[in-house]
Amino acid sequence: MSDIPATLTPQRIDAMLSGVAEVCFAGVNEAGDRLKAAEDAEAFERTSRALQTLSRNLRQTIAAGATVPIAQF
């Protein structure tokens, strides 16, 4: 790994936001599958919280991509 910090170009920011969104989306899908398969109320509640958190993260990531003034970087 280089000692030189990565430059935040518009393309790099877009790639980072896309990567985070993909990870969140995969988590949302996984949590949805686990929610459907929950065998008891405790598992359902725990998975519901995870799904809510992942969904919020995905929404915030998408919003950040839409609102970041990339020209300032």
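Here is a stop-by-stop tour, from the whole chain down to single side chains.

**Before you click.** This is a predicted model, so local features need pLDDT of at least 70, side-chain atom pairs count only at pLDDT 80 or more, and totals for chains, interfaces and linings use all residues. Residues are numbered from 1 along each chain as its sequence is written, and side-chain values use heavy atoms, with hydrogens and water left out.

**Stop 1: the whole chain.** Colour by secondary structure and you get two helices and zero strands. (Helices, H or I of at least four residues, and strands, E of at least two, are DSSP runs numbered from the N terminus.) Of the 73 residues, 16% count as buried; buried means under 20% relative accessible area, exposed over 50%, and partly exposed in between, using a 1.4 Å probe and protein chains only.

**Stop 2: helix α2.** Select residues 41–67. At 1.5 Å a residue, these 27 residues should span 39 Å, and the end C-alpha atoms sit 38 Å apart, which agrees. (The expected span is 1.5 Å times one less than the number of residues.) Now show side chains for A43, T47, L58 and T61, which are buried. The buried residues of α2 pack against α1 (10–36).

**Stop 3: T47.** Zoom in on T47, which is buried at 11% relative accessibility. A polar atom of its side chain lies 2.8 Å from the backbone oxygen of A43. Leaving aside residues up to four places away in sequence, T47 touches A31, R34 and L35, where contact means heavy atoms within 4.5 Å.

**Stop 4: A31.** Hop across to A31 in helix α1. A31 is buried too, with a relative accessible area of 5%. Beyond residues up to four places away in sequence, A31 touches T47, L51 and L54.

**Stop 5: the salt bridges.** There are three to find, each a side-chain nitrogen of Lys or Arg within 4 Å of a carboxyl oxygen of Asp or Glu.

- Select E30 and R34: their side chains meet at 2.8 Å, N to O. They are four residues apart in α1, about one helical turn; E30 is partly exposed at 40%, while R34 is exposed at 53%.
- Select E42 and R46: the closest N and O atoms are 3.6 Å apart. Both lie in α2, four residues apart.
- Select R49 and E45: this bridge is 2.9 Å, N to O. R49 is partly exposed at 44%, and E45 is partly exposed at 47%.

Notes
Polar contact = N/O pair within 3.5 Å; in protein donor to acceptor, adjacent residues only side chain to side chain.
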